[in-house]
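Here are my notes for someone opening this entry for the first time. Have a look at the sequence and the model, then read through the points below.

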Amino acid sequence: MPLEGLNHYTIRPVDLAKTRDFYVNLLGLEEGYRPPLGFEGHWLYCGGNPTVHLIGPRPQREAGWPERVVGPTGLLDHIAFSCTGLAEMRDRLAKSGVTYEERVIPRDRQTQLFLHDPDGVAVELNYPPSETAPA
């Protein structure tokens with residue numbers, strides 16, 4: 001069940017284009033493949049890894065969420081970890097009563113678990129395709 005490393009972080013920017021330009025044109029990240037997620041956004045790559053995810057408005061999902069405004073720590077949406085031990089983590093979450101959402105990425109069959117920490121920070125756990133059940 002080990003967490004093996006930071007996978008990416010996701011920002012809900014006030015101005016999607018301006019934030020993309022900052023990371024790409026100023027810092028030198030490269031825009032790369034992003035799955036068809038049903039909302040606007042960008043995946044920005046560092047060293048060949050999609051490290052910074054920028055997500056545009058998702059009106060239905062964000063209903064009741066704080067407004068997108070610039071603040072002292074920005075607009076962090078979630079943090080993500082690369083992991084192994086999917087079955088064990090599902091068991092641990094069930095035993096602890098923590099609810100989560102599970103998704104499988106169509107392109108590579110990676111399984112993702114989404115949950116919230118006690119302070120409401122969204123956490124994404126990414127498991128390799130070898131741990132995903134066959135389709």
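**Salt bridges and strands**

1. Start with R20 and D21, whose side chains meet in a salt bridge at 3.0 Å, N to O. The term here means a side-chain nitrogen of Lys or Arg within 4 Å of a carboxyl oxygen of Asp or Glu. Going by this rule, you'll count 4 salt bridges.

2. A word on the source: this is a predicted model, where local features need pLDDT of at least 70 and side-chain atom pairs count only at pLDDT 80 or more, while totals for chains, interfaces and linings use all residues. Numbering runs from 1 along each chain as its sequence is written, and side-chain values use heavy atoms, with hydrogens and water left out.

3. Back to the first pair. How exposed is D21? D21 is partly exposed, at a relative accessible area of 35%. For the wording, buried means under 20% relative accessible area, exposed means over 50%, and partly exposed lies in between (1.4 Å probe, protein chains only). R20 and D21 also belong to a network of salt bridges that takes in E31.

4. Next, look at E102 and R90, a salt bridge with its closest N and O atoms 2.6 Å apart. This pair links distant parts of the chain, 12 residues apart: E102 sits in strand 6 (residues 101–104) and R90 in helix 2 (residues 86–96). Helices (H or I, at least four residues) and strands (E, at least two) are DSSP runs, numbered from the N terminus. Both partners are partly exposed, E102 with a relative accessible area of 33% and R90 at 28%.

5. R103 and E101 make another salt bridge through their side chains, at 3.0 Å, N to O. R103 is partly exposed, with 28% relative accessible area, and E101 is partly exposed too, at 36%.

6. Now for strand 3 (residues 41–46), which is mostly covered, with 5 of its 6 residues buried. Which way does strand 2 (residues 30–32) run against strand 3, parallel or antiparallel? The two run antiparallel and are joined by 3 bridges; strands pair if DSSP finds at least two bridges between them. E31, the residue from the network with R20 and D21, stands opposite L44 in strand 3.

7. Strand 3 also runs antiparallel to strand 4 (residues 49–55), with 6 bridges joining them. C46 has N49 in strand 4 as its bridge partner. The hairpin of strand 3 and strand 4 has 2 residues between the strands, and in this hairpin G47 takes a positive phi near 60 degrees.
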